Amino acid sequence: MNSDKNKVEDEHADRIRTILKGKIPKHVAVIMDGNGRWAKSRNKNRIEGHKEGTVSARQMIENCLKLGIRYLTLYTFSSENWKRPVLEVNKLMEMLYENLINQRDLLIDNRVKLMILGDRSKLPKKLRVEIEKVEKLSENFSNIQVNLALSYGSRSEIVDAVKGIIRDEVGIRKIDEKLVGRYLYTRDIPDPDLVIRTSGEYRISNFLLYQIAYAELYFTEIYWPDFRMSQLLDALAEFQNRTRRYGAL
């Protein structure tokens with residue numbers, strides 16, 4: 001068993017060295033999809049899939065740190081996910097609360113800055129309180145910034161931005177793309193270079209619609225609980241093989 005693990009680690013080391021010779025995306029965003037189907041394929045309940053998904057999320061953060069990726073945004077819970085069964089939603093909220101407490105060692109040891117993107121007003125009070133504590137704790141960390149899109153919907157984000165511009169009585173001549181960006185939840189965060197979606201679905205699902213205008217999109221059949229360093233390296237290799245013209249020649 002150890003020999004197999006060492007072999008995999010050696011293979012990863014070789015691939016990492018190759019990847020690091022190319023351009024590394026500054027910001028990677030992930031639609032973490034497939035927890036429920038992963039569980040079903042193993043005759044487990046959906047919550048077990050979500051639990052394994054949190055393992056993938058932690059490893060994703062650790063792997064991005066190894067590769068020098070400075071921003072990571074994880075689509076954790078969408079505004080549409082509130083429509084799921086109450087018992088599942090309640091369990092997810094409890095898991096999020098527990099993970100914020102249990103993952104503090106990861107944040108502190110690796111100096112990870114954590115930020116929550118989304119409508120916090122719908123979250124349970126104790127979760128909101130814990131979010132504020134963790135954000136305060138990590139606000140000056142700078143090795144990587146991890147954004148959790150939580151109770152997040154991109155259309156709602158854009159509507160909130162419009163409301164903010166109207167509220168601040170911004171003159172029409174001053175409104176441009178940069179100004180709109182300053183009213184989004186992602187203000188001061190560079191736009192994603194690469195968006196990864198797992199589980200074989202080919203859609204964006206109301207995720208960072210404004211910000212990913214020129215992001216590279218990468219889709220994989222792998223369910224999120226099975227997404228590890230090998231799959232991340234596959235995505236980065238594909239990213240490095242693409243030519244980004246931003247509309248020019």
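Two strands count as paired if DSSP finds at least two bridges between them. Strands (E, at least two residues) and helices (H or I, at least four) are DSSP runs, numbered from the N terminus. The model is predicted: local features need pLDDT of at least 70, side-chain atom pairs count only at pLDDT 80 or more, and totals for chains, interfaces and linings use all residues. Residues are numbered from 1 along each chain as its sequence is written, and side-chain values use heavy atoms, with hydrogens and water left out.

**View 1. Strand 1 beside strand 2.** Ile31 has Tyr75 of strand 2 as its bridge partner. Strand 1 covers residues 27-31 and strand 2 residues 71-78. The two run parallel, joined by 5 bridges.

View 2. Contact here means heavy atoms within 4.5 Å.

View 3. Val30 sits in strand 1. Its relative accessible area is 0%, so Val30 is buried. Buried means under 20% relative accessible area, exposed over 50%, and partly exposed in between (1.4 Å probe, protein chains only). Neighbours within four places in sequence aside, Val30 contacts Met60, Leu72, Thr73, Leu74, Tyr75, Ile196, Phe207 and Trp224. Gln211 lies 181 residues from Val30 in sequence, and 13 Å away in space, C-alpha to C-alpha.

**View 4. The largest pocket.** Its space comes to about 900 Å³. On a 1 Å grid over the protein atoms alone, a pocket is an open set of points with protein on both sides within 12 Å along at least five of seven lines; lining residues have an atom within 4 Å of a point. Points are joined across faces, edges and corners, and volume is the space filled by probe spheres set on them. The lining has 37 residues, with Met32, Asn35, Tyr75, Thr76 and Phe77 closest to the centre. Helix 3 gives the most, 7 residues. Elements supplying at least two residues each include helix 2 (35-41), helix 3 (46-67), helix 4 (86-102) and strand 4 (144-152). By class, the lining has 17 nonpolar, 12 polar and 8 charged residues. Ala, Val, Leu, Ile, Met, Phe, Trp, Tyr, Cys and Pro count as nonpolar; Asp, Glu, Lys and Arg as charged; the others, Gly among them, as polar.

**View 5. The second largest pocket.** The volume is about 380 Å³. Of its 20 lining residues, Glu177, Gly181, Asp191, Tyr210 and Gln211 lie nearest the centre. The lining divides into 9 nonpolar, 3 polar and 8 charged residues.

**View 6. Ser199 and Asn206.** Most residues other than glycine have a negative phi. Ser199 has a positive phi, near 85 degrees. Asn206 also has a positive phi, about 60 degrees, although it is not a glycine. Ser199 is found in the loop between strand 5 and strand 6, and Asn206 is placed in the loop between strand 5 and strand 6. Ser199 is buried at 6% relative accessible area. Asn206 counts as buried at 15%.

Methods
1 Å grid on protein atoms, 1.4 Å probe; cavity = no way out; pocket = protein on both sides within 12 Å on 5 of 7 lines; lining within 4 Å.
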